[in-house]
Amino acid sequence: MSLQHVSLGRVSIPAVMQITLTDTEAQICDLLDECTKALKEEKGLVTSCRIAGGWVRDKLLGHDSNDIDIALSDMMGLEFAEHLAEFASRRGVRTGNISKIAQNPDQSKHLETATFRFLGLDIDLVNLRSEEYAEDSRIPTEVSFGTPVQDALRRDTTINAMFYNVHTREVEDHTGKGLDDLGHGLIRTPLPPRETFLDDPLRVIRCVRFASRYGFDIVPEIAEAARDPVIQNALVTKVARERVGEELSKMMKGRDPLGAIQLIRNLSMYDSIFLVIPPPVLATFSAAPASRDTAFAAALITHNLLHPMDGSPLPQLHTSYLSAVDADVTSRPRLYLAAILSPFKSITYQEKKKTPLAIEYIIRDVLKLGTQYHFLDGIPALFSSSDALKNPDGAVESAAKTIQIYNTFITRVEELGLPSTVDAKPILDGREVLQALGASKPGPWTGKVMGKILEWHLDNPEATKEEAQAWLTNEQREGKIQIIERNFEPTTKRVRTK
């Protein structure tokens, strides 16, 4: 038996792509247009406003967007934001507090940005720009005012390089390919892929993310460039690991994490993302990672379990499991990230006197992901407690048996009416246990006693608190519960003498 990856397909693409403004968006565009005219007439300042990037793409696809990035010609974002706030105030319109996001190249903030809330939307203001890069860094060596064409050509994909001119109310496609690529579902770079990726290798991963997000196809030129060892080495040496982890996290939380994992495998990008480990650390690994195909196989099993299909060789998970996953928005991203890390399962590394799991190092230090979505605190625990992802490649029959065992288990739990008991408070809390047993303080024995109380309560689900206390004191009377209280002073404490 084998599993099949059934693609989610492309998102719906309107037959006629056009931008229809909401009332709020129209009000914002009117205000921007009128403000630029007032600046020219009153202060002799000339600028123009274009909405850039993702908002244009999503509006053309018929999707709403709450984030508006405005690109300005020949003016910095903060300067225009202050003029806009003053102009809006004269019109009786209040803008939110203006914040300045300082230039921070390490976090892809190559220019100063002004941001504020307006009519319920997040507005970012930045100038159109032209960039030049050094060979050894994705951080531009020179950023200057640019034209709309220069700004469009420096973006990651053609579908993200379009502008909406708020003055003419028209879409501007300066690459000449953005509208066609959006209509045909293609991911293409504005410039030759090798040039685009060498300038900023993170764009390779962004191409994967947008392809999986919309179900679009990556053009062959991008695939060829992505497999180029020079590009893959640039991804390792030029890109901050936080940025890689952020893009990967978005994929795992996105529309098609399995599709993203498949693209990472097909483009031979796995090692450039996950095996960026210093040689001294890698040398302490208890074993070499398993085949990279293991990651896709594990993700495929995970996908088939979370999205049961007719004809699947795997039995459907019990509805209680699926309900638990659906109730926790962090579950699916965590499970898919665990799947893609399955080649490192059971591998440990040396960290001082400890031997933690290698995936802890990868999540924390390689991907720079913390406990958001319980990645760092959840995935190592998942690997430690389960062998479900062991050798998933070709193990459909084994996986099916495991699923059946757990389904039988949860069915029996429900037959006994135990699900609510799992979340119920103990019939006796710690203070009540100490009182019933005449103990003055808890100790190592307390956990064992609480476990015995839980077992007794499961056998006697209708029992009262008084009955539990009586049972507990009787157990102590019969010598079945031993309380060991140690009263001693630390050895370092000396008797004080006068």
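**A walk through the fold**

Mentor: Asp74 lies in the loop between S2 and helix H3 (77-90); helices (H or I, at least four residues) and strands (E, at least two) are DSSP runs, numbered from the N terminus. This is a predicted model, in which local features need pLDDT of at least 70, side-chain atom pairs count only at pLDDT 80 or more, and totals for chains, interfaces and linings use all residues. Residues are numbered from 1 along each chain as its sequence is written, and side-chain values use heavy atoms, with hydrogens and water left out.

Trainee: Is Asp74 buried or exposed?
Mentor: Buried means under 20% relative accessible area, exposed over 50%, partly exposed in between (1.4 Å probe, protein chains only). Asp74 has 55% relative accessibility, so Asp74 counts as exposed.

Trainee: And what is the phi of Asp74?
Mentor: Most residues other than glycine have a negative phi. Asp74 has a positive value, and its phi is near 60°.

Trainee: How does Lys368 count by relative accessibility, and what is its phi?
Mentor: Lys368 sits in the loop between helix H17 (358-366) and helix H18 (375-385). Its relative accessibility is 39%, so Lys368 counts as partly exposed. Its phi is positive in a residue other than glycine, near 55°.

Trainee: What is the order of the strands in the open sheet?
Mentor: Strands of a sheet pair through backbone hydrogen bonds, either parallel or antiparallel. Here two strands pair if DSSP finds at least two bridges between them. The open sheet has 7 strands with mixed pairing, in the order S3-S4-S5-S2-S1-S8-S9.

Trainee: Which strands stand at the edges?
Mentor: An edge strand here has a single partner strand, so one side of it is left without a neighbour in the sheet. The two are strand S3 (99-101) and strand S9 (170-172).

Trainee: What is the bridge partner of Cys49 in S2?
Mentor: Strand S1 (residues 49-52) and strand S2 (residues 67-72) run antiparallel and are joined by 4 bridges. Within S1, Cys49 and Ile51 point one way, Arg50 and Ala52 point the other way, and all are buried. The partner of Cys49 in S2 is Leu72.

Trainee: And what is the bridge partner of Ala52 in S8?
Mentor: S1 also runs antiparallel to strand S8 (residues 163-165), with 3 bridges joining them. The partner of Ala52 in S8 is Phe163.

Trainee: Which residues is Arg155 in contact with?
Mentor: Arg155 belongs to the loop between helix H4 (148-153) and S8, and counts as buried because its relative accessibility is 17%. Contact means heavy atoms within 4.5 Å. Leaving aside neighbours within four places in sequence, Arg155 contacts Ala52, Gly53, Asn160, Ala161, Phe163, Pro190, Thr196 and Arg203.

Trainee: At what angle do H7 and H11 pack?
Mentor: Axes are lines fitted to C-alpha atoms, for helices over the stretch in contact, and angles run from 0 to 180 degrees between N-to-C directions. Helix H7 (residues 202-214) and helix H11 (residues 257-266) have axes 8 Å apart and pack at an angle of about 140°.

Trainee: Which word describes how H7 stands to H11?
Mentor: Angles under 35 degrees count as roughly parallel, over 145 as roughly antiparallel, 65 to 115 as roughly perpendicular and the rest as oblique. The angle of about 140° therefore makes H7 oblique to H11.

Trainee: Which residues of H11 meet H14?
Mentor: H11 and H14 pack at an angle of about 165°, with axes 10 Å apart, which means that H11 is roughly antiparallel to H14. On the H14 side, the residues are Asp293, Ala295, Phe296, Ala299, Leu300 and His303. On the H11 side, they are Leu258, Ile261, Gln262 and Arg265.

Trainee: What separation do the C-alpha atoms of Pro289 and Lys345 have?
Mentor: Pro289 is in the loop between helix H13 (279-282) and helix H14 (293-306). Not counting residues up to four places away in sequence, Pro289 touches Leu275, Pro343, Phe344 and Ile347. Pro289 and Lys345 are 56 residues apart along the chain, and their C-alpha atoms are separated by 8.0 Å.
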